Amino acid sequence: MGLAFSWHPRKTRRRYLKKFIATYDLHFGYERRNGHKIALHDLSAWKTVLKFAEDFKPHTWIHGGDMLDCGVISHHNHGKPGATEGLKLLADATEGRETFIEPVEEIVGKGDLVYLVGNHEDWLTDLTDQLPSLEGLIDLKTLLKLKKWNVVPQGGAYNLGKLCFVHGDTVKGGEHIAKNAVVNYERNIRFGHHHTFQAYTKNSALDYKNAKTGVSVPCLCTKTPKYNEGSPNRWVQGFLYGYIGDNGTFNDSVVIIVNGQCIVNGKRYEG
């Protein structure tokens, strides 16, 4: 895990540390519930992240996928016009960019912006496959104007130092998702998709200096969507932040958000 400082016999030198924030599963969009338009995103949780980010000043921001919910074009809603009445994909994209993209671009400035395409956003590709005439009109880069972003295709990975980031839909679910991620990827892996927090460490008796860790990063959407039908779940809100050393070593932490608030390094942030 990352050492912040190193020492030389003749002089003390501070290593360069690259700061990052990773946010997952914001699910900007709406659903119809009992005749009402209900938000799937949580602006209070998001504003909490932004307030922390303004203090932290990250060099890299990773949107880990499913920033757009895209439920309005979901195959789950085919043949159910009442489920998408009054919902518009372009409106969601426009409002989503103003809410989740533009503030990040301003905070990071000339730093690195990374967007991992999630499985919900991959429904855009499914729609284009059905209607090829829409190609280039409804792709994610166009809808969200991601000219400044490194867009990683759905199922792909992004490496930052010795950390590897994926969306998480490629990680088998169940009770041991963090373990599944480490075993399958054999990397220090960070992922979302499962909307919960979990961690796992794998250490080899033959290579004990290179332990691998897997962390499931919490979501930033609401925790009670209609499709869950009121069933209990393990969902929790939060985000990941950390530091990457110039030799790739790292130190990162998950921040849990409760009722739009979190405490990091003794300071309270509230959206």
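Trainee: Are Trp-46 and Phe-100 buried or exposed?

Mentor: Both Trp-46 and Phe-100 are buried in this predicted model. They belong to a set of 13 aromatic pairs found in a search of the whole structure. The ring centres of Trp-46 and Phe-100 are 4.8 Å apart and the planes stand at 85 degrees, so this pair counts as edge-to-face. Trp-46 is part of helix 1 (residues 43–56), while Phe-100 is part of helix 2 (residues 89–108), so the contact ties together parts that are 54 residues apart in sequence.

Another edge-to-face pair is formed by Tyr-241 and Tyr-243, with 6.5 Å centre to centre and 70 degrees between the planes. Tyr-241 is buried, at a relative accessible area of 8%, whereas Tyr-243 is partly exposed, at 29%. These two tyrosines are also members of a cluster linked by ring pairs, together with Phe-52, Phe-56, Phe-239 and Tyr-269.

Phe-56 has a charged residue over its face as well: Lys-19 lies there, 5.2 Å from the ring centre. A further case is Tyr-30, where the charged end of Lys-37 sits over the ring, 4.4 Å from its centre.

Strand 3 covers residues 17–23 and pairs with strand 6 (residues 60–63) in the parallel sense, over four bridges. Within that part of the chain, Thr-23 has His-63 in strand 6 as its bridge partner.

Key:
Residues are numbered from 1 along each chain as its sequence is written. This is a predicted model: local features need pLDDT of at least 70, side-chain atom pairs count only at pLDDT 80 or more; totals for chains, interfaces and linings use all residues. Side-chain values use heavy atoms; hydrogens and water are left out. Two strands pair if DSSP finds at least two bridges between them. Helices (H or I, at least four residues) and strands (E, at least two) are DSSP runs, numbered from the N terminus. Rings of Phe, Tyr and Trp (its six-membered ring) pair if their centres lie within 6.5 Å; planes under 30 degrees apart count as stacked, over 60 as edge-to-face and the rest as tilted. Buried means under 20% relative accessible area, exposed over 50%, partly exposed in between (1.4 Å probe, protein chains only). A charge sits over a ring if NZ of Lys or CZ of Arg is within 6 Å of the ring centre and within 35 degrees of the ring normal.
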